[in-house]
Amino acid sequence: MKEIPLSEAVGHVLCHDLTQIIVGVSKDARFRKGHIVTEEDIPVLRSMGKEHLFVWEKTENLLHEDEGAEVLAAAAMGANLEKTSPKEGKIELKATVDGMLKIDTDRLFAINKLGKVMIATQRNYVPLKKGQTAAGMRVIPLLIEKEKMTEVAAIADASNPLMSVIPYSIKTCTILVTGHEVLTGVIKDTFAPVVQAKLAEYGVETLKTINTGDDVETITAEIQKAIQAGSQMVLCTGGMSVDPDDKTPAAIRASGARIVSYGAPVLPGAMMLLAYAGDIPIAGLPGCVMYAKRTVFDRLLPRILAREPITVEDIALLGEGGLCP
């Protein structure tokens, strides 16, 4: 750092806080460390008794923390995200639509491993509401080498950013309620209303709710009818365990759908089945979805609605953090 006359301070970066005291009113930092002095600041600084300032000796090889944060924002900000103005060297990215956050986690790790810079994000594949914060970033020191930010840009930049928010493209669903006891009215269905409420949170309309009973041929036929009628997703409630009278998995297979996985390393929800008929997702939901606050269905639903491809490997990876709170 160096000491310079106040008359030469415009454009320089303060290297410590400057406190303003207003007797009987306040005593607080009027200018924070890292602040870039402007022409408008000079009269205020003079009123605080300052004729000289201690500033960082910025060179052509260094960037201010705000400039560094802009490089990080450019590296991270993809579709349907917007950035805040730098504040004390930090920039946040916020969703501009409702959708699913998608992150290139390998490149995020590579940037955070560089040192002197950081990007903190929400978890990959989480649902975001419009205006919700997706990530925050900053450089650690007040001044950072341009070379370091060049390393960041080599990993990700505005032409190939780290993250984006993918809007939900599935808007309609048919729910098939299995169970002979529901079909005959022995018990009242409490499963479909829970699923409908979850779908409504994402703006998905339930076109039909159909009681199918436990007959494999009936369930299979209703799956095919729903798809032919234009439903963008089919959810089957119940009948997902390994008991002999649980017929939903067999019915989904018989519909001709491609099975991604029957079972997931998530509790509650280990017995969920996910399949696709072309690009139409078909899921068999275990009974826990009816009563547990969060299950495997909540983990996968944003990805399903955003038409994010889901593989058996993706489901296997759910085991880490697979105990739902």
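Glu222 has a relative accessible area of 17%, so this residue counts as buried; buried means under 20% relative accessible area, exposed means over 50%, and partly exposed lies in between, using a 1.4 Å probe and protein chains only. The side chains of Lys225 and Glu222 meet in a salt bridge, with 3.8 Å from N to O. By definition, a salt bridge is a side-chain nitrogen of Lys or Arg within 4 Å of a carboxyl oxygen of Asp or Glu. Lys225 and Glu222 sit three residues apart in helix α7 (residues 216-228), so about one helical turn separates them. An α-helix has 3.6 residues a turn, so residues three or four places apart point the same way. Salt bridges that share partners also join Lys90, Glu92 and Lys94 into one network.

Before going on, here is what you are looking at. This is a predicted model, in which local features need pLDDT of at least 70 and side-chain atom pairs count only at pLDDT 80 or more, while totals for chains, interfaces and linings use all residues. Residues are numbered from 1 along each chain as its sequence is written, and side-chain values use heavy atoms, leaving out hydrogens and water. Helices (H or I, at least four residues) and strands (E, at least two) are DSSP runs, numbered from the N terminus.

Let us stay with α7 for a moment. Glu217 also lies in this helix, and with a relative accessible area of 66% Glu217 is exposed. The C-alpha atoms of Glu217 and Ala250 are separated by 9.4 Å, although the two residues are 33 residues apart along the chain.

How many salt bridges does the count come to? There are 14 salt bridges. One of them joins the side chains of Arg32 and Asp17, at 3.5 Å from N to O. Arg32 lies in the loop between β3 (26-31) and α1 (41-47), and Asp17 in the loop between β1 (2-5) and β2 (18-22), so this pair ties together parts that are 15 residues apart in sequence. Arg32 is partly exposed, with 39% relative accessibility, and Asp17 is partly exposed too, with 36%. Glu51 and Arg46 also meet through their side chains in a salt bridge, at 3.1 Å from N to O. Here Glu51 is partly exposed at 41%, and Arg46 is partly exposed at 40%.

Now turn to another helix. Which residues of helix α4 (residues 146-155) are buried? They are Lys148, Met149 and Val152. These residues cover an arc of only 95° around the axis, which puts them on the same side of α4; the arc is that of the directions from the helix axis to the C-beta atoms. On the face turned away from the buried side you will find the exposed residues Glu147, Thr150 and Ala154. The buried residues of α4 pack against several elements, including α2 (65-76), α3 (105-112) and β11 (133-139).

Next comes the nonpolar core, meaning a set of buried Ala, Val, Leu, Ile, Met, Phe, Trp, Tyr and Cys residues joined through side-chain atoms within 4.5 Å. The largest one has 36 residues, and those touching the most other members are Val195, Leu199, Met233, Leu235, Leu285, Phe297 and Leu305. Among the elements that each supply at least two residues of this core are β14 (172-178), α6 (191-201) and β19 (280-285). The most comes from α10, which gives six residues. Leaving aside neighbours within four places in sequence, Val195 is in contact (heavy atoms within 4.5 Å) with Ile175, Leu235, Thr237, Leu285, Val289 and Phe297. Apart from this core lies another, of 28 residues, among them Ala69, Leu93, Ile103 and Ala156.

Thr295 lies in the loop between α9 (288-291) and α10 (296-305). Is Thr295 buried or exposed? At 0% relative accessibility, Thr295 counts as buried. Beyond its neighbours within four places in sequence, Thr295 is in contact with Val266, Pro268, Cys288, Val289 and Cys324.

Two of those contacts are cysteines, which brings us to disulfides. A disulfide is a pair of cysteine sulfur atoms within 2.5 Å, and by this rule the count comes to zero. Cys288 is in no disulfide; the nearest cysteine sulfur, that of Cys324, is 8.3 Å away. Cys288 is buried, with 9% relative accessibility, and Cys15 is also buried, at 10%.
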